[in-house]
Amino acid sequence: TKSVVMFGMNDVQRGYYAIDNQGSEEHKAWAISQCLINMETLAGMIEEEGSEVILMTPSVADERGGDWSKTKNTAGLNDAIGKIADGFFKLAEDKGYGVIDTYTLTRTIHDKYMDSGVQEMISTDRVHPVQQGYYVLGYNVIRNLFKDSGLVAQVDIDANTKTAKTENATVKGLDVADGKILYTYLPKALP
């Protein structure tokens with residue numbers, strides 16, 4: 001069993017980064033530290049249950065100015081999220097956990113389009129992904145979880161022998177008759 005755990009911008013107390021009401025540096029440092037402590041605690045609990053722990057770094061926020069969003073802009077939030085990502089990498093190295101690096105991927109894409117006015121991945125609340133953003137996140141998870149084999153699941157049905165060969169999946173109730181092939185397919189992972 002694999003457990004992917006992600007903490008994000010709410011866990012770093014994004015309210016401390018509101019452009020018109022910045023929190024103190026002490027509050028910001030405390031929030032980052034607390035987020036990392038909480039991740040280490042949760043990851044340890046998951047590991048104790050026998051699951052492989054994979055930490056997922058948080059995605060970025062939108063720090064563009066302008067009035068395209070009614071949500072107040074944040075200043076320095078992505079840098080704080082980067083500190084959390086760095087902390088996740090260190091924790092993973094110390095404990096032998098896996099890491100899915102969402103921060104670097106989303107920061108690269110966001111920074112590339114940030115000044116062009118393109119609303120690329122993040123909704124008008126400046127936090128949550130839109131369809132394209134969820135696609136990028138999902139692709140990144142799949143790419144990382146299945147990077148060794150490149151395979152989520154595979155089923156090969158041989159109608160002549162009425163057999164199924166599977167990899168990372170199960171097939172039940174295989175019935176080949178009257179020009180039809182019927183079966184129940186259960187992948188052990190989701191694409």
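1. Basis of the note. This is a predicted model, in which local features need pLDDT of at least 70 and side-chain atom pairs count only at pLDDT 80 or more, while totals for chains, interfaces and linings use all residues. Residues are numbered from 1 along each chain as its sequence is written, and side-chain values use heavy atoms, with hydrogens and water left out.

2. Helix 1. Helices (DSSP runs of H or I, at least four residues) and strands (runs of E, at least two) are numbered from the N terminus. The 24 residues of helix 1 should span 34 Å at 1.5 Å a residue, and the end C-alpha atoms of this helix are 35 Å apart, which agrees; the expected span is 1.5 Å times one less than the number of residues. The buried residues of helix 1 are K28, A31, I32, C35, M39, A43, G44 and I46, where buried means under 20% relative accessible area, exposed over 50% and partly exposed in between, with a 1.4 Å probe and protein chains only. These buried residues pack against strand 1 (2-6), strand 2 and helix 2.

3. A43 as an example. A43 lies in helix 1 (residues 25-48), and it counts as buried because its relative accessibility is 0%. Leaving aside neighbours within four places in sequence, A43 is in contact (heavy atoms within 4.5 Å) with V53, L55 and Y97. A43 and K95 are 52 residues apart in sequence, yet their C-alpha atoms are 9.5 Å apart in space.

4. Helix 3. The buried residues here are T102, Y103, T106, R107 and H110. They cover an arc of only 110 degrees around the axis, which puts them on the same side of helix 3; the arc is taken from the directions from the helix axis to the C-beta atoms. On the other side of helix 3, T108 and K112 are exposed. The buried residues of helix 3 pack against strand 2 (52-56), helix 2 (77-95), strand 3 (98-100) and helix 4 (131-145).

5. V60 in its loop. V60 is found in the loop between strand 2 and helix 2, and it is buried, with a relative accessible area of 2%. Beyond its neighbours within four places in sequence, V60 is in contact with residues including Y103, T106, R107 and H110, which are among the buried residues of helix 3. V60 and L77 are 17 residues apart in sequence and 8.2 Å apart in space, C-alpha to C-alpha.

6. The cavity. On a 1 Å grid over the protein atoms alone, a cavity is a set of points where a 1.4 Å probe fits but cannot get out, a pocket is an open set with protein on both sides within 12 Å along at least five of seven lines, and lining residues have an atom within 4 Å of a point. A search of the whole structure finds one cavity of 30 Å³ or more. The largest cavity has a volume of about 50 Å³, and V60 and T106 are among the residues that line it.

7. The pocket. The largest pocket has a volume of about 160 Å³, a volume being the space filled by probe spheres set on the grid points, which are joined across faces, edges and corners. Its lining includes M6, D11, P58 and H128.
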